[in-house]
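Please read them with the structure open.

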Amino acid sequence: MVAEKGTISINTENIFPIIKKFLYSDHEIFLRELVSNAVDATQKIKKLSSLGQYEGELGDTKIKVSVDKDAKTITISDKGIGMTADEIKKYINQIAYSGAKEFVEKYNSETDKSQIIGQFGLGFYSAFMVAKEVEIFTKSYQDAPAAKWRSDGSTEYEISDWDKAERGTDIVLHVSEDNEEFLEESKLEQI
C-alpha cells in the first residue's frame, strides 16, 4: 500500500504551536501522558478479555520504556488494545474532535493548566515537547492490518500499513537536540 498523507485536523491555525509549546510548559509531562495512554490501552484489553470479547492470549501486559542513545529515541511499548488505521485517523489526527478548539477559545490565564491536560485528549501531543518526530507502530486486537503513523510536529502526517505481528502499540520519539537529557535512563526513572 502506498502511504497515505494528509493534514491533522485543526480548526484554528495557531492551535498546534499552543499545544506543543504553551500547554505543555513542563517537558517531563510527556512521559507520564504516554505511559498513562499505554496503561489505558492495557486496561481496555484486559476488560475485553474478562467480558469474553477478546479470546486471544493477553501475554505480558507490562508497559516498557526503552532508550536508544545512539538512535536518540525513546520508545513506549504496550501490549494493549492497539489501533486500526481508522482509529489513528480519529484519535490522533483529529485534534479538534477532542475539544481543543473550544479550549483555545475559552482559555483563561487563571485556569490551572494541569487540570486541562488529559481532559481534551491532547496528552499524546506532549511527545512533541521533546521529540522532533514521532512514530506510532500499532496493531489492533481486531482483525485489521497493523499501521504506522509518523509526523514531524507540523500539521502534516503520514500513515501506512505496517508489518507488526503482535497486538499493541509502540510510540517512538526521535528526541530533539535540546532535549537529549531525556535519553538518560536515570532521568526517565526519576519522572
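The points below cover the sheet, the helices on it and the aromatic residues.

1. This is a predicted model. Seven strands make an open sheet, ordered E1-E6-E5-E4-E7-E3-E2. Pairing is antiparallel. The edges are strand E1 (4–7) and strand E2 (64–68), each with pairing on one side only. On average, neighbouring strands are turned by 15 degrees against each other, direction ignored.

2. E2 pairs with strand E3 (residues 73–78) in the antiparallel sense, over five bridges.

3. Helix H2 (residues 29–50) lies across E2, E3 and strand E7 (168–175). H2 runs at about 20 degrees to E3. Helix H3 (residues 85–93) also packs on the sheet, where H3 touches E1, strand E4 (131–139), strand E5 (146–151) and strand E6 (156–162). The directions of H3 and E5 make about 30 degrees.

4. Now the aromatics. The structure holds six aromatic pairs. One of them is Phe124 with Tyr125, an edge-to-face pair at 5.1 Å centre to centre and 85 degrees between the planes. Phe124 and Tyr125 are both buried.

5. Why is the pair of Tyr125 and Phe128 stacked? Their planes lie at 25 degrees, and stacked requires under 30. The ring centres are 6.1 Å apart.

6. Tyr125 has 1% relative accessibility, so Tyr125 counts as buried. Phe128 is buried too, with a relative accessible area of 4%. Phe124, Tyr125, Phe128 and Trp149 form one aromatic cluster.

Conventions. Residues are numbered from 1 along each chain as its sequence is written. This is a predicted model: local features need pLDDT of at least 70, side-chain atom pairs count only at pLDDT 80 or more; totals for chains, interfaces and linings use all residues. Side-chain values use heavy atoms; hydrogens and water are left out. Two strands pair if DSSP finds at least two bridges between them. Helices (H or I, at least four residues) and strands (E, at least two) are DSSP runs, numbered from the N terminus. Axes are lines fitted to C-alpha atoms, for helices over the stretch in contact, and angles run from 0 to 180 degrees between N-to-C directions. Contact means heavy atoms within 4.5 Å. Rings of Phe, Tyr and Trp (its six-membered ring) pair if their centres lie within 6.5 Å; planes under 30 degrees apart count as stacked, over 60 as edge-to-face and the rest as tilted. Buried means under 20% relative accessible area, exposed over 50%, partly exposed in between (1.4 Å probe, protein chains only).
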